[in-house]
Amino acid sequence: MEKQKKNYIDLEVWKQARILSKEIYLASSQFPKDERFGLTSQIRRAAVSIPSNIAEGCGRNYPKGSIQFFYIARGSIYEVESQLYLSYDLDFITELDLKAILMKLETTRKLLNGFINYYQTLIK
């Protein structure tokens, strides 16, 4: 097996996950103050989990161990998506904001799925 030569910070999937996290922070800064320990905290933690788990997976010595962290990142993408819809339902974000963030989320999801598929070829 060839070692991965790229550092995780050079990976497009990590860069997009980082952009998505920033967008979530910016959008959630407009949430009501009484949500600070509720939805605001939850959506931010889930968003930060995406690039964090990609980075941690890249730091593992074996592709099988790496993939587990990439799956966790993918689960966090779905968690953020669900929380975005709830934020919209509660009028914390506009439909325009929802659509813009969902587009970034979908880009990140596609890149991550491709990255997972690549790693799966390393363990066969």
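What is the relative accessible area of Glu-95?

A: Glu-95 has a relative accessible area of 42% and is partly exposed (buried means under 20% relative accessible area, exposed over 50%, and partly exposed in between, with a 1.4 Å probe and protein chains only). This is a predicted model, in which local features need pLDDT of at least 70 and side-chain atom pairs count only at pLDDT 80 or more, while totals for chains, interfaces and linings use all residues. Residues are numbered from 1 along each chain as its sequence is written, and side-chain values use heavy atoms, with hydrogens and water left out.

Glu-95 lies in helix α4, and so does Lys-99 (helices are DSSP runs of H or I with at least four residues, and strands are runs of E with at least two, numbered from the N terminus). The two residues are four apart, about one turn of the helix. Their side chains meet in a salt bridge, at 3.3 Å from N to O (a side-chain nitrogen of Lys or Arg within 4 Å of a carboxyl oxygen of Asp or Glu). Side chains of opposite charge can pair when their charged atoms come close. By this rule the count comes to four salt bridges.

Another of them joins Glu-81 to Arg-109, with the closest N and O atoms 3.1 Å apart. Glu-81 belongs to helix α3 and Arg-109 to helix α4, so this pair ties together parts that are 28 residues apart in sequence. Glu-81 counts as buried at 19% relative accessibility, and Arg-109 is also buried, with a relative accessible area of 7%. Arg-109 has a further partner in Glu-106, and their side chains meet in a salt bridge of 3.0 Å, N to O. Both Glu-106 and Arg-109 sit in helix α4, three residues apart, which is about one turn of the helix. Glu-106 counts as partly exposed, at 29% relative accessibility. Taken together, Glu-81, Glu-106 and Arg-109 are linked in a network of salt bridges.

Helix α3 covers residues 63–89 and helix α4 covers residues 95–122; they pack at an angle of about 165°, with their axes 10 Å apart (axes are lines fitted to C-alpha atoms, for helices over the stretch in contact, and angles run from 0 to 180 degrees between N-to-C directions). That makes α3 roughly antiparallel to α4 (angles over 145 degrees count as roughly antiparallel, under 35 as roughly parallel, 65 to 115 as roughly perpendicular and the rest as oblique). The contact of α3 with α4 has 20 nonpolar, four polar and four charged residues (Ala, Val, Leu, Ile, Met, Phe, Trp, Tyr, Cys and Pro count as nonpolar, Asp, Glu, Lys and Arg as charged, and the others, Gly among them, as polar).

The structure holds six aromatic pairs (rings of Phe, Tyr and Trp, the last by its six-membered ring, pair if their centres lie within 6.5 Å; planes under 30 degrees apart count as stacked, over 60 as edge-to-face and the rest as tilted). One of them is the edge-to-face pair of Phe-70 and Tyr-119, at 5.0 Å centre to centre and with 75° between the planes. This pair links distant parts of the chain, as Phe-70 is in helix α3 and Tyr-119 in helix α4, 49 residues apart. Phe-70 is buried, with a relative accessible area of 0%, and Tyr-119 counts as buried at 5% relative accessibility. Ring pairs link Phe-70, Phe-115, Tyr-118 and Tyr-119 into a cluster.

Between the two helices there is a loop to look at. Asp-91 is found in the loop between α3 and α4, and Asp-91 counts as exposed at 68% relative accessibility. Most residues other than glycine have a negative phi, and most peptide bonds are trans. Asp-91 has a positive phi of about 60° although it is not a glycine.

Gln-42 lies in helix α2, which covers residues 39–58, and Gln-42 is partly exposed, with a relative accessible area of 28%. Gln-42 and Tyr-119 are 77 residues apart in sequence and 29 Å apart in space, C-alpha to C-alpha.
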